[in-house]
Amino acid sequence: MAGQTDMELIKNGIRKDGRKPDELREIKIVAGVLDNADGSCYLEWGNNKVYAGVFGPMECHPRHKQKADRAIVQARYTMAPFSVNDRKRPGLDRRSTEISYIVSQAFEKVVMVEDFPKASIRVDMQVVEAHAGTRCAALTAASVALADAGIPMIDMIPSCASGKINDVVVLDLNKEEDNYGQADLPLAIIPSTGEVVLLQLDGHLTPDEFELAMDLATSGCMDLYKKMRDALENSYGGKK
Amino acid sequence: MSGESSVTSNRKLVLPGDLIETKSKPGKGIFRSEGRIHSSVVGYSSDKSGYINVNAITGRYNPKVGDKIIAVCAETGPSIWRMNIGSSFNSTLHHSESGWKVPFGDTARFLSIGDAIWAEVSMVDASGSHQISLKKDDCRKLYSGNIIKINPTNVPRIIGKQGSMISLIRDNTKTRIQIGQNGYIWIDGKGDDIALAQEAMETIDREATSEGLTKKIEKLLEK
């Protein structure tokens, strides 16, 4: 977040990539793309490309992480070395560890973990192309993959960010807006109850702007939820 | 699954979290929230004899006592075998349930890693662990043949009405076939016959929701 910038990211209510302030990037979701996973999903969100695979429920390793009364969700978020402009060093870093952790926490809220004592549900998310908003994209893809794996849960969780550019609150920041904008607010909700399972904020927002950003991100999540449902219905023949 | 009319047209596809309007008692694949019933998995809802169920389309095998299954040895202990049955956890086969006289520490002589058996689920407990037995009816070790794995929810489709589909495959390929409830299928016969039977079963698994499957399989087997 540079905070101050001369760059004109939004002009007369139209952003640099031609979107309106409350418009999402183009999204494509396909469920069941990986043969060896129990459930999987491929997601394209603007220029973001993410694969998610779910393995389990299965016996939890290492043993000391087992919970006697419930399952744990072990999420793993990784970015491919070629996913960004400058080659990213492969492997875990501070950022991916954090995202893996918050995604695990979010899923433990919706997955019926008490149905599978001592088990672990592995959720692997691989970003093959990154263009801002990959944690939201990864979480959304992982949600669809979990449903595809037949794991019982309360609801799928869509995730979408809003932010502030040139003092205007907008939905779904792209790379430029993320780098030169003033704030970024990723949000994930349970659509049926409206509960928040993930909320982060990077940058500065006034209380009023925060409310507006929350409303915008929530409506973005609801739009996304419809697309996730369509993806699953397509893959299971609910839609003709 | 486009084009063809679907056998599922009279049932409704539900996704996790979907509200189900019903007066029936809750069965499986659902959860209750604020007195209302929601689906917890991707599946088809069915409202039969006073119970509402959602039959999941995907997911791992959920063992039930009495199920006949095919198990593959994954690990040997001094007096037990750990068998892979395609569920969340490996199943235990105790030496006393094997029907063999096993000296302590000599389990691998009877069943080593990769060996398959035709067995029955004898116990399932609340914590999700389960045991299988070789001492029932026609349970035995499986020699020769191939094992293929399909989605356990498609097992009824492979068998067909009163076994119509499976006898069609059996008669046309001259193979011996045993279908486990866990979606593991053992096929024995000549190499080409096994390959044909396998192709037929994989087709059924892939297109389980489409109609006119019997005709399609007949055509495939005639080749």
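Trainee: What makes β8(A) and strand β9 of chain A a pair, and in which sense do they run?

Mentor: Two strands pair if DSSP finds at least two bridges between them. β8(A) and β9(A) (residues 168–171) have four bridges, in the antiparallel sense, so they meet that definition. Strands are DSSP runs (E, at least two residues), numbered from the N terminus. The model is predicted, with local features needing pLDDT of at least 70 and side-chain atom pairs counting only at pLDDT 80 or more, while totals for chains, interfaces and linings use all residues. Residues are numbered from 1 along each chain as its sequence is written, and chains are lettered from A and ligands numbered from 1 in the order in which they are written.

Trainee: What lies between β8(A) and β9(A)?

Mentor: Two residues lie between them in a hairpin, and A:Asn166 in the turn has a positive phi of about 45°. A:Gly163 stands opposite A:Val170 in β9(A).

Trainee: How many bridges join β8(A) to strand β10 of chain A?

Mentor: Six bridges join β8(A) to β10(A) (residues 183–190), again in the antiparallel sense. Here A:Lys164 stands opposite A:Ala183.

Trainee: Why is A:Asp124 called buried?

Mentor: A residue is buried if 20 or more other C-beta atoms, placed from the backbone, lie within 10 Å of its own, exposed if 12 or fewer, and partly exposed in between. A:Asp124 has 21 within 10 Å, and is therefore buried.

Trainee: Where is A:Asp124 placed, and how far is A:Arg76 from A:Asp124 in space?

Mentor: A:Asp124 belongs to strand β7 (residues 119–129) of chain A. A:Arg76 is 48 residues away in sequence and 4.8 Å away in space, C-alpha to C-alpha.
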